[in-house]
Amino acid sequence: MVAASRVEQAYLTACLAELTALKPGNVHAYAAGHRMTVADFEASARLSAPSIAGPGLTVGERILTALRRTREAVSSNTNLGIPLLCAPLAQAALQATGHDLRQELHAVLQALTVDDAASAYEAIRLANPGGLGRSPRHDVREPPPVTLLEAMVVASGRDRIAAQYITDFADVFGLGLERLSAGQQRWRAFEWAVSSIYLGFLGAFPDSHIQRKFGLETAEAVMAEARKFDTLLSGTPDPRIILPDLQTFDSALKDKDINPGTSADLTVATLFVSNLQ
């Protein structure tokens, strides 16, 4: 079992560290974008941290209270995906009794309830993410008839965050942590390891946020571009050499209002898991 104070610090550190890395198309220390700034995300992290790590809350309550506290001060949707990913991870850490984090996470996900789904639905409505649209099954505007895990099963084919719930966060514990370890060993520079995680996610599958707003064709085109820049980054001994190339990619995406938000959310979740472990 991990103390709530440690979980809160692990979450806050992950959120703030992710902002230091250049993540093309997303908000970061090198450039703002999408009418949002680094300060918006820093405020969101600090406001949501007590909810994510608070003792005695359910997963759904963590998600909803994190969004409520954030929206009291930040008008934009800065962090919906982060609480959706980090709330079950925090729950697993807080109630762990000897199992490793991922084993405990599996138990947490299997125990999710209809009330958790109702809270998550309310949080999604509150955040009102771009491209939300309507769903023929388990639409978030209607009371959920199923548990949060069952709802995520239905959504998993179109949403990579939902897919984490039905795979025990396979992308985070696999690609994410592998990229973090390899990047730190290669460059001895944490921020570039974070960039590698982000580009790894962006190049591995169509970003869900892009797909919701612009369609699969655009999401796949960005994925293909990300792979090129990921190859460029992984092949250089000093990432500063390719900084102008990454900034050009960053500007090109932002000029089209394309924000790979899901890849950024998965990056935060990876850093959170690393901190907890």
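Tyr11 is buried in this predicted model, with a relative accessible area of 0%. Phe272 is likewise buried, its relative accessible area being 0%. Both values lie under 20%, which means that each residue counts as buried.

**Aromatic pairs**

Searching the whole structure gives four aromatic pairs. One of them joins Tyr11 and Phe272 in an edge-to-face arrangement. Tyr11 belongs to helix H1 (residues 4-18) and Phe272 to helix H14 (residues 261-276), so that 261 residues separate them and the pair links distant parts of the chain. Another pair, Phe229 with Phe249, is stacked. Phe229 lies in helix H12 (residues 216-234) and Phe249 in helix H13 (residues 243-255), 20 residues apart. Phe229 and Phe249 are both buried.

| Pair | Arrangement | Centre to centre | Angle between planes |
|---|---|---|---|
| Tyr11 and Phe272 | edge-to-face | 5.8 Å | 85° |
| Phe229 and Phe249 | stacked | 4.4 Å | 5° |

A ring also takes part in a contact with a charge: the charged end of Arg160 sits over the ring of Phe205, 3.9 Å from its centre.

**Packing of H4 and H14**

Two packed helices are described by the angle between their axes and by the distance between those axes. For helix H4 (residues 81-95) and H14, the angle is about 20° and the axes are 9 Å apart. The angle is under 35 degrees, and H4 and H14 are therefore roughly parallel to each other. The crossing in which H4 passes H14 is right-handed. On the H4 side, the contact is made by Gly81, Ile82, Leu85, Cys86, Leu89, Ala90 and Ala93. H14 contributes Asp265, Leu266, Val268, Ala269, Phe272, Val273 and Leu276.

Definitions and conventions: Residues numbered from 1 in each chain as written. Predicted model: local features only at pLDDT ≥ 70, side-chain atom pairs only at ≥ 80, totals over all residues. Heavy atoms only, no water. Phe/Tyr/Trp six-rings, centres within 6.5 Å; stacked < 30°, edge-to-face > 60°. Helix = DSSP H or I, 4+ residues; strand = E, 2+ residues; numbered from the N terminus. Buried < 20%, exposed > 50% of the residue type's maximum accessible area, 1.4 Å probe, protein only. Lys NZ or Arg CZ within 6 Å of the ring centre and 35° of its normal. Axes fitted to C-alpha atoms, helices over the stretch in contact; angles between N-to-C directions. Parallel < 35°, antiparallel > 145°, perpendicular 65-115°, else oblique. Left-handed = near helix turned anticlockwise from the far one by under 90°. Contact = heavy atoms within 4.5 Å.
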